[in-house]
Amino acid sequence: MLRFMVRSFASLAISSAYSIPIGLSSVTSILDEDTIIERVCYGYLKCNATCSTEIVIVNYSITLNMSDDVVVKLLNDGYFSLDAGAYFGVVPKAIWSRKFQEIDNTVRLATNVLYITESDGTSILVDSGIGNKFDDKFRKIYRVEKQSDIYEYIRLHGDPNSVRMIINSHLHFDHVGHNADFKNAYAYAQADEFKAARYRNYITKANYRLSASQIKNKVEIGGSKRINGFIRVIKTDGHTPGHQVILINAGGRKIMYFGDIVPSTFHLKLPYRTAIDLDPLKTIEFKKNLVKMAIRENYICIFNHDVETPAAILSGDYSDPKYVKVDI
Ligand SMILES: [Zn+2]
Ligand SMILES: [Zn+2]
């Protein structure tokens with residue numbers, strides 16, 4: 001129904017290229033058949049030169065006011081599908097298939113990122129999603145769905161030039177997609193991670209599509225460090241040689257961005273990790289300590305690939321914690 005309404009409106013438009021922001025929040029209640037669109041608040045109409053019009057859903061925008069100075073939004077840059085064996089590793093299909101629906105042996109992943117704005121007008125991204133620069137082959141292999149695009153969201157509701165820092169959990173293609181679009185931003189990743197992306201090997205080359213040399217304005221972090229007054233990173237390795245988890249603490253509220261150490265709530269169980277992890281025992285060791293900390297200190301945990309539960313609070317036993325979904 002939404003698509004019909006929007007297309008009808010768009011057909012009245014002029015024939016030259018245009019882009020019109022629209023607010024969709026008032027119609028979300030009628031979209032009960034599609035959980036992705038249910039959460040969408042904003043979109044825009046796009047028309048190319050020949051006026052084949054389409055609606056582009058820009059994003060859902062879920063906000064947490066950390067303090068008077070810091071606002072964190074959880075944004076989504078679309079979805080893609082990954083081979084189920086790569087995503088679930090040693091977990092038997094008999095177990096994961098109870099929760100996940102497979103399509104041709106693949107499962108659908110979200111790309112959830114954090115967009116942090118400060119009262120001085122500058123902003124920070126934690127990861128930059130899958131982006132929009134891929135050819136048809138890539139789009140087909142990974143079944144990329146771009147209902148959402150973080151760059152378009154920030155262009156319409158903020159200022160891409162205000163993004164000064166992109167803290168990348170690691171440099172796999174689904175985490176650096178928009179890095180190059182934010183011209184004033186520096187990419188903050190571990191020195192070991194830049195090195196791993198630069199010297200790709202037979203195992204890693206499929207996931208490091210953007211070579212480190214293509215990332216301009218880099219800041220190489222050496223280990224676990226404080227980045228600014230309210231953000232620090234913990235170098236975990238495990239998934240990649242320089243993977244890091246990002247911790248935000250502002251106004252007494254705390255957020256933990258797990259990256260691919262715990263990509264979804266399903267992966268909270270201690271032995272569950274992706275088959276892509278280069279050092280699984282390190283993943284498990286850090287996961288254990290980080291989950292303990294998240295339970296103890298009441299962190300809001302962000303699961304960057306979770307379609308159903310991008311954010312949750314954990315409780316119970318660290319080896320198999322309970323979680324309650326939160327809308328931040
Ligand atoms: Zn990864
Ligand atoms: Zn990933």
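Visitor: In the hairpin of strand 16 and strand 17, which residue takes a positive phi?

Guide: Gly 316 does, with phi near 85°, and the hairpin has 6 residues between the strands. Strands here are DSSP runs of E with at least two residues, helices are runs of H or I with at least four, and both are numbered from the N terminus. This is a predicted model, in which local features need pLDDT of at least 70, side-chain atom pairs count only at pLDDT 80 or more, and totals for chains, interfaces and linings use all residues. Residues are numbered from 1 along each chain as its sequence is written, while chains are lettered from A and ligands numbered from 1 in the order in which they are written.

Visitor: How many bridges do strand 16 and strand 17 pair over?

Guide: Strands of a sheet pair through backbone hydrogen bonds, either parallel or antiparallel. Two strands count as paired if DSSP finds at least two bridges between them. Strand 16 and strand 17 have 4 bridges, in the antiparallel sense, and Ile 313 has Val 324 in strand 17 as its bridge partner. Strand 15 also runs antiparallel to strand 16, joined by 3 bridges; there, Cys 301 partners Ala 312 in strand 16.

Visitor: What is the order of the strands in the open sheet?

Guide: The order of its 7 strands is 11-12-13-14-15-16-17, with mixed pairing. Strand 11 (225-226) and strand 17 (322-325) each have a single partner strand, so one side of each lacks a neighbour in the sheet. Helix 8 (residues 280-296) packs on this sheet and touches strand 13, strand 14, strand 15 and strand 16. A contact means C-beta atoms, placed from the backbone, within 7 Å. The direction of helix 8 makes about 90° with that of strand 16; axes are lines fitted to C-alpha atoms, for helices over the stretch in contact, and angles run from 0 to 180 degrees between N-to-C directions.

Visitor: Which residue of strand 14 stands opposite Ala 250?

Guide: Arg 253 does. Strand 13 and strand 14 (residues 253-257) pair in the antiparallel sense over 5 bridges.

Visitor: Is Asp 237, with its positive phi, buried or exposed?

Guide: A residue is buried if 20 or more other C-beta atoms, placed from the backbone, lie within 10 Å of its own, exposed if 12 or fewer, and partly exposed in between. Asp 237 counts as buried because it has 22 such neighbours inside 10 Å. Its phi is near 55°, and Asp 237 lies in the loop between strand 12 (231-235) and strand 13 (244-250).

Methods. Contact = placed C-beta atoms within 7 Å.
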